[in-house]
Amino acid sequence: MTIKLHDFLKATPYTQKNIAGFLDGDVFHYWESSNPRLPAYINCSQSCPMTVRKIYTNYTNSKTSWVRFGSPSVKGLTSLQSETGDGAKLVTLEKHDPRIWPLSMRANGGSAPFPEGGLHAAAVEVASRDPDTYVRGGAKDGSHKTGVTRSLRYYMLAAYGLLDKSSGDAFAGLGNYVATLLVSDTGTILAAGINTGSYRHAEVSMLISYFRQNPTAQQLPAKSVVFSTLTPCEQCTAYLKEARAPDTQIYFGQFDSGKFGKAGAEISKRLADQMDGPKAILDKAIDEAAGGVASDAGAGAVYKTVIANGLTSCMGSGSIASQISDSEEARRILKGANAALMEKATRVRSDIAEEQAKGAALTYLTTWLSRASQSYL
């Protein structure tokens, strides 16, 4: 049985199932998905031969199902006609099972560090600060709440630690280093992603990983916090906007000076800016810690706010992430992230609530990183 390509795609509204496929002569190889957060487009784009130059979908809205229109490699239903052009082509249909998804990082860090919650509230409070007037410092109040708030940095540090852990495999030959963590209100890492190539950015891998584990979900869970080592690009910003819960907080580690660096800043904030106050104060902290970062990446004394700044100082103009693999100093700094977490996790802490909260977060994160492994879902 044959059918016109346009008529086949039109027969199934994308609100019911999203379809994506490519032509091989008169055969239309296609994938479908009933969940817009698990787009068929990803299976198609990762399964089609390198010679394929065009993917056809039943999408009619450029913001639907994470497909960016405007690219010559994607042609949606609104661009196809039943009587002329590609849409009029008679095709034989061949459906494929959705099996290929972006590489993700998965692990079990053990019990949630904050079983009563509180990480999201801390992230909201930090986001509300005015970085130009907020002054970090003063006597520690010893509260559990303060310990949870200060643990936000450890999660960002863990995201950088994931880059170092992944550099020997998924990033080999790629050179574009980005990692993303999705964290619950209790401090549990729900999903993680690393960049493994064009389209398969860290945020995409994280989102796909979460929705594959939660196939009925249509958005990220309430009170979730996203930590990305780099400002999300234009593509990933669009996907995060579509997938996040109304109260999802998004933080990045360093600003990407590349072409699309400003896009992610619309929906996220740089964690160090919100936690360290005026630039003069941060610069002083960086100066005090820079020796430990630059001279010995294995030192546990790596200051937790210096990682992003150190990477930035190693780079030239253009996209920072694409240069990290070419800089030995940047690689040393990344290794310092894991060293710093381990040093802090093994430190003897008092029974003060603040110290216990930070210790719980560090134990969880170092366990998670030690067990993290790559897998295709």
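Reader: Does A263 count as buried or exposed, and at what relative accessibility?

Author: The model is a predicted one, and A263 is found in helix α7, which covers residues 261-264. Leaving aside residues up to four places away in sequence, A263 touches P232, C233, E234 and T237. Because the cut-off for burial is under 20% relative accessible area, A263 counts as buried, at a relative accessibility of 15%.

Reader: How far apart are the C-alpha atoms of A263 and C236?

Author: C236 is one of the residues of helix α6 that meet α5, and along the chain A263 and C236 are 27 residues apart. The separation of their C-alpha atoms is 9.0 Å.

Reader: How are α5 and α6 oriented to each other?

Author: Helix α5 comprises residues 202-213 and helix α6 residues 234-243, and their axes, which come within 9 Å, cross at roughly 30°. Angles under 35 degrees count as roughly parallel. The orientation of α5 and α6 is therefore roughly parallel.

Reader: Which classes of residue make up the contact of α5 with α6, and how many of each are there?

Author: On the α5 side the contact involves E203, V204, M206, L207 and F211, and these meet Q235, C236, Y239, L240 and A243 in α6. Divided by class, the residues of this contact are 8 nonpolar, 1 polar and 1 charged.

Reader: What is the phi of K223, and does K223 count as buried or partly exposed?

Author: K223 lies in the loop between α5 and β10, the latter being residues 225-230. Most residues other than glycine have a negative phi. K223 is not a glycine, yet its phi is positive, at about 60°. Since its relative accessibility is 43%, K223 counts as partly exposed.

Reader: Turning to another pair of helices, how are α4 and α11 oriented to each other, and what is the handedness of their crossing?

Author: Helix α4 (residues 144-166) packs with helix α11 (residues 328-345) at an angle of about 130°, and their axes are 7 Å apart. The crossing in which α4 passes α11 is left-handed.

Reader: How many nonpolar, polar and charged residues does the contact of α4 with α11 hold?

Author: From α4 the contact takes Y154, L157, A158, Y160, G161, L163, D164 and K165, which meet L334, K335, A337, N338, A340, L341 and K344 in α11. By class these residues divide into 9 nonpolar, 2 polar and 4 charged.

Reader: What is the relative accessible area of I333?

Author: I333 is found in helix α11, where A330, L334 and G336 are also among the buried residues. The C-alpha atoms of I333 and I307, which are 26 residues apart along the chain, are separated by 6.5 Å. I333 is buried because its relative accessible area is 2%.

Reader: What span does α11 reach from its first C-alpha to its last?

Author: With 18 residues, and at 1.5 Å a residue, α11 has an expected span of 26 Å. The span in the model is close to that expectation, at 26 Å.

Reader: How do α11 and α12 pack, and which residues of α12 take part?

Author: The angle between α11 and α12 is about 135°, with axes 9 Å apart, and the two helices are therefore oblique to each other. Their crossing is left-handed.

Reader: For the protein overall, what share of contacts between residues at least 6 apart in sequence joins residues at least 24 apart?

Author: The secondary structure comes to 12 helices and 13 strands, and of the 377 residues 53% count as buried. Among the contacts in question, the share joining residues at least 24 apart is 70%.

Notes:
Residues numbered from 1 in each chain as written. Predicted model: local features only at pLDDT ≥ 70, side-chain atom pairs only at ≥ 80, totals over all residues. Heavy atoms only, no water. Axes fitted to C-alpha atoms, helices over the stretch in contact; angles between N-to-C directions. Helix = DSSP H or I, 4+ residues; strand = E, 2+ residues; numbered from the N terminus. Left-handed = near helix turned anticlockwise from the far one by under 90°. Contact = heavy atoms within 4.5 Å. Nonpolar A, V, L, I, M, F, W, Y, C, P; charged D, E, K, R; others polar. Expected span 1.5 Å × (residues − 1). Buried < 20%, exposed > 50% of the residue type's maximum accessible area, 1.4 Å probe, protein only. Parallel < 35°, antiparallel > 145°, perpendicular 65-115°, else oblique.
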